[in-house]
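Below are some notes for a colleague who is looking at this entry and wants to know how its chains meet.

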Protein chains: 2
Amino acid sequence: MDTKKIFLNESELPRQWYNIMADLPTPVEPPLHPGTGQPLNPNDLEAIFPMPLIEQEMSQERWIDIPEPVFEKYLMWRPSPLYRAYSLEKHLDTPAKIYFKNEGVSPAGSHKPNTALAQAYYNKISGTKKIYTETGAGQWGSALSFCCAQFGLECKVYMVKISFNQKPYRRMMMETWGAECVGSPSSETASGRAMLAKDPDSPGSLGMAISEAVERAVQEETSKYALGSVLNHVMLHQTVIGLETQKQMEIAGDYPDIIIGCSGGGSNFAGLILPYVKDKIEGKEIEIIGVEPNSCPTMTRGKFAYDFGDLAQLTPLLPMHTLGHNFVPAAIHAGGLRYHGMSPIISQLLISNLIQSKAIPQIETFESGITFAKTEGFISAPETNHAVAMTIREALKAKEEGKEKVILFNWSGHGLVDLAAYDDFNKGKLSDYKLSDDIIQNALKDIESLPKPKQFKE
Amino acid sequence: MDTKKIFLNESELPRQWYNIMADLPTPVEPPLHPGTGQPLNPNDLEAIFPMPLIEQEMSQERWIDIPEPVFEKYLMWRPSPLYRAYSLEKHLDTPAKIYFKNEGVSPAGSHKPNTALAQAYYNKISGTKKIYTETGAGQWGSALSFCCAQFGLECKVYMVKISFNQKPYRRMMMETWGAECVGSPSSETASGRAMLAKDPDSPGSLGMAISEAVERAVQEETSKYALGSVLNHVMLHQTVIGLETQKQMEIAGDYPDIIIGCSGGGSNFAGLILPYVKDKIEGKEIEIIGVEPNSCPTMTRGKFAYDFGDLAQLTPLLPMHTLGHNFVPAAIHAGGLRYHGMSPIISQLLISNLIQSKAIPQIETFESGITFAKTEGFISAPETNHAVAMTIREALKAKEEGKEKVILFNWSGHGLVDLAAYDDFNKGKLSDYKLSDDIIQNALKDIESLPKPKQFKE
């Protein structure tokens, strides 16, 4: 029997995050002020973020130290194990070697605390008393709730209403860690009330919820806002995943031919791949695939353009792949992938051809999740099942081609709080949503009048 | 920063289980045939268990090899980590050192797969096609479902109806792994129908559900029954927990003064303590505490006597602490601790004064669980919170006494599928149930006519 899991010692947990901004062949274009259309000054963000995070957002330093208190709290679950999926390989009868990084071992059950912990810490030392945020399926909201408890901060979460209603366990998790969680759109904010006036039965969206959280954060002196994906500092914090994985793959004696991650705003995907993108820039041959849902095809059918991060147009303009800030994705179960935009860093890698993107229909993701649960045991989050599905596709392709490929994917979280989604699948209630070009073209009209990035293509 | 978690290498996973029957100062009295009242023959159990498990049930061998296929599958999550609870210690401001063994890392989220995997394996090699079982809160049923999928066995679970209705996520887990789950009492069995005739709205109990599963198992040629606690072979398989912990505590450089586990049928408690009980028999000073709910005080207020394991009196008579097989515990959230009996091994240790028992009220267990979640991050199963609560009591006692005690407890599982219980607590819906002596004395009347063990005391 070969090794099933590779653990690192606590002393091998990385002491620094990796900032890819220092190594990009083509730099990420700057965020723009939503009012003036001019590149953002650090001070423009002061109302919503503490200064250390703003500095990280704009930093060009290659390596950034992980503060000691964050390092210590990381040890609650990090380094996370790297697994070899022997049972899945055997089931697929593939010559491929499949590895997965298990980010489900954190108390919140996903990779999200990697950045939530850092953000809570930097807020704490900057005098923040309360953090407002939004959450889709609830992984980010629960992660931030857990991490705010670690540093004695208050936390309030606006949760996309359809998920708030469908997934009460996520709210209960947040409340158990002492946070407050309400469904969005809510009547607590001007932007929420405006949305409710337009559609009292709105299922909500991440874009709407962001508007509510930002609105609250700027109103209170000692309150800030936190975002769980998309932004550069979030990608930075998540690189702890890939840095650990590189050490573990070295112990395993393999180097990945293919790296796979699901991608909603891009954070778990970036976390795993960025240290490997560095290798690729330096000459390594690696295929890197970001996987998104057919019904929210930001990378595969969206445009690279400047766009708002939220519906109410409160955020800076970000250079990113987008379906337009008014795009409301179908109510698929992978709530964490229901976002109109994509991390500027991931978007830049995509247009620089350093990574590729694929979209997968919902039913295939659940079929793959069931296969994974029956072989490797663990029940994946619906988001994670997109990575599982692509891994299975690639492993079967390797079988067809008779190649012993090494496939590595990010098992970004477990699905124990998302079992209602499996229940729908098991009962045959799920269908694959067909997204028409018209809908996409229509949504993209709303960004036509916005400034264009230099790398914009019609 | 000292080490937060101690992992073992996969090569350090124990190769043998420890059988305490070889070392008990006073042996466990034999199970009796329910019809004849005579000591059971191995053949009497053949209708419900495969022969390798019957042999283990009656074995006096000190060390029993873990079969290679079970060892390999254990590696899906074992060795499990031992944690030092620095944050909880700091919060309590105690001089005590608190360690916990994290059994929540298994795919099913608890210690139950330690025996489910072994039982599925022995059934597989004995020609079993389908396993019937019962489950209370659902931890055992989901563990067996997961493990049956590993060895290609069918699995059907009778789930105590109140939990079946309150905890749909557990059923969904089982179905995701390919098992079938129905609420008990059901109309599928004669014993279920009899119970429904008596009370159509019966919330069910473990005793009832066992009757249904056993009835089905004996009716089909290639079907067997499996039990997730109480029996000797279950305790045996769980010793992998304590054997690992001993190696980890040695690495930590500490030896426990106090060991704590929650105890329903006794399996997670036994799993941690039995290897330490061996130390105690050999002269070590250790305080060992089994913790049960106030509302189901099998050890603290029950009697040591022969009793049936189930309501319909289908099982052998076991020498154990019991509240009587007709005792129906209050509907507390720690469903896994709602059982009228106790493992004969644990019961024997109790009357031999090798361990002690304490009962704790429900609200204190949830308060402790919240404290644990806010400090150590992880949300515990309601059962596990009994161990957490006793640990906090002991840590505060050590503080009062100014003693640097080393406390070790079994964190037997996470509570992410039990969040509705936390929701009830957070909303102030829980109360502490006061169990009168009359109710207990009444329930105990039903065992007066049964044979008495030699160690019986009036």
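1. The side chain of A:D423 meets that of B:R171 in a salt bridge, with 3.0 Å from N to O; the term stands for a side-chain nitrogen of Lys or Arg within 4 Å of a carboxyl oxygen of Asp or Glu. By this rule, 4 salt bridges are found across the interface of chain A and chain B.

2. This is a predicted model, in which local features need pLDDT of at least 70 and side-chain atom pairs count only at pLDDT 80 or more, while totals for chains, interfaces and linings use all residues. Residues are numbered from 1 along each chain as its sequence is written, chains are lettered from A and ligands numbered from 1 in the order in which they are written, and side-chain values use heavy atoms, with hydrogens and water left out.

3. In total, 50 residues of chain A are in contact with 50 residues of chain B, where contact means heavy atoms within 4.5 Å. The two chains bury about 3,900 Å² between them, 60% of it on carbon and sulfur atoms (the accessible area, with a 1.4 Å probe, that two parts lose on being put together, summed over both). Of the area that chain A buries against chain B, A:M76, A:Y169 and A:T176 supply 17%, more than any other three residues.
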